[in-house]
Amino acid sequence: FQEPMTATAAEPSRAARLLSALLYGACSLLLVLLNKTLLTAYGFPSPIVLGIGQMAATIMILYVAKLNKIIHFPDFDKKIPVKLFPLPLLYVGNHLSGLSSTSKLSLPMFTVLRKFTIPLTLLLETVILGKQHSLGIVVSVFAIVLGAVVAAGSDLAFNLEGYVFVFLNDVFTAANGVYTKQKMDPKELGKYGVLFYNACFMIIPTFLISVSTGDLRQATEFNQWKNVLFIMQFLLSCFMGFLLMFATVLCSHYNSALTTAVVGAVKNVSVAYIGMLVGGDYIFSVLNFVGLNICMAGGLRYSFLTLGSQLKPNPAEEENESLPGDAKS
């Protein structure tokens, strides 16, 4: 968990890039399935309260880790809100829109529409970070969007509110990823400081929103609080929410916001096909299935292009690896 301290840590190894991407994909997959169970199978009526639980878990875990000197991030001062902006707003928007859209759409449609995060991330990286992307990646993005449009257009369980929430979730996710990458300077807040202060700044406003909208009242009146299995899954979701936030920041730290979005697309391949077999809310149609597969094929191609180029050994790394053997000979 400790921040990189050496000069070589500034250039992460291929193993660090790959493992951080795999951790993010696994955490994202598990959390989507877990939240879907809580919000749909159990009928938990309060996605905002679930988000508050995930924020509270993040604050407690990081604060205890800081007290025990496992991790380090700067103490609070009046400059921190300025350094973070607009991340807290994007953070809470991403959380709430994601939870709301999960509860209103079937898993396959949710994962298809989440693909729009990728072109949005590509666009924001070009505008905000000044990155340029190859033609192959742009073509892959077009395939992803085409598949998503075909699949969404044939959705027999059309839910306008769910579509609005998932589109907002795409915008918030893309912006959050790009701005997080921009603000993770170890000399400033570092990745743990970004996580901790985001959660601290937004948990109270989110709590007030839950009170004013009646979301908190619905949560307290929920009839499953004596169900041990439900409580265990609720607490696990809170912990997994923290773990996903940590894995997202770690993947963006070692790779890029775009790679994080790509890994999310690959993860969605598994979620979509699992959702066809479990969950009970997928309505089959030929166009939906064809669009889903076009979307997934574009996502996989995009993943291979992006991760493949990042995982190729660079000449400097190969030269450094060859020095010890040369010296021995």
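First, the ground rules. Residues are numbered from 1 along each chain as its sequence is written, and side-chain values use heavy atoms, with hydrogens and water left out. Because this is a predicted model, local features need pLDDT of at least 70 and side-chain atom pairs count only at pLDDT 80 or more, while totals for chains, interfaces and linings use all residues.

Start with helix α2, residues 47-67. Helices here are DSSP runs of H or I with at least four residues, numbered from the N terminus. α2 has 21 residues and reaches 31 Å from its first C-alpha to its last, close to the 30 Å expected at 1.5 Å a residue; the expected span is 1.5 Å times one less than the number of residues. Of its 21 residues, 15 are buried, so α2 is largely enclosed by the rest of the structure. Buried means under 20% relative accessible area, with a 1.4 Å probe and protein chains only. Just after α2, K69 takes a positive phi of about 60 degrees.

What does α2 pack against? One partner is helix α9, residues 190-212: the axes are 9 Å apart, at an angle of about 145 degrees. Axes are lines fitted to C-alpha atoms over the stretch in contact, and angles run from 0 to 180 degrees between N-to-C directions. In this contact, meaning heavy atoms within 4.5 Å, the α2 side includes I48, I52, M55 and I59, and the α9 side includes Y192, L195, F196 and A199. The residues divide into 16 nonpolar, three polar and no charged. Nonpolar covers Ala, Val, Leu, Ile, Met, Phe, Trp, Tyr, Cys and Pro; charged covers Asp, Glu, Lys and Arg; the others, Gly among them, are polar.

α9 also packs against helix α11, residues 228-254, where the axes come within 10 Å and cross at roughly 145 degrees. Here K191, Y192 and L195 in α9 meet M245, F246, V249, L250 and H253 in α11. By class, that is six nonpolar, one polar and one charged.

Now the record. An unreviewed UniProt entry lists residues 48-65 and 192-210 among its "transmembrane region" spans; such annotations may be inferred rather than shown by experiment. In the model, residues 48-65 are 100% helix, with end C-alpha atoms 26 Å apart. Residues 192-210 are also 100% helix, and their end C-alpha atoms are 26 Å apart.

Last, M296, in helix α13 (residues 286-311). Is M296 buried or exposed? At 2% relative accessibility, M296 counts as buried. M296 and A148 are 148 residues apart in sequence and 9.0 Å apart in space, C-alpha to C-alpha.

Key: Helices (H or I, at least four residues) and strands (E, at least two) are DSSP runs, numbered from the N terminus. Buried means under 20% relative accessible area, exposed over 50%, partly exposed in between (1.4 Å probe, protein chains only).
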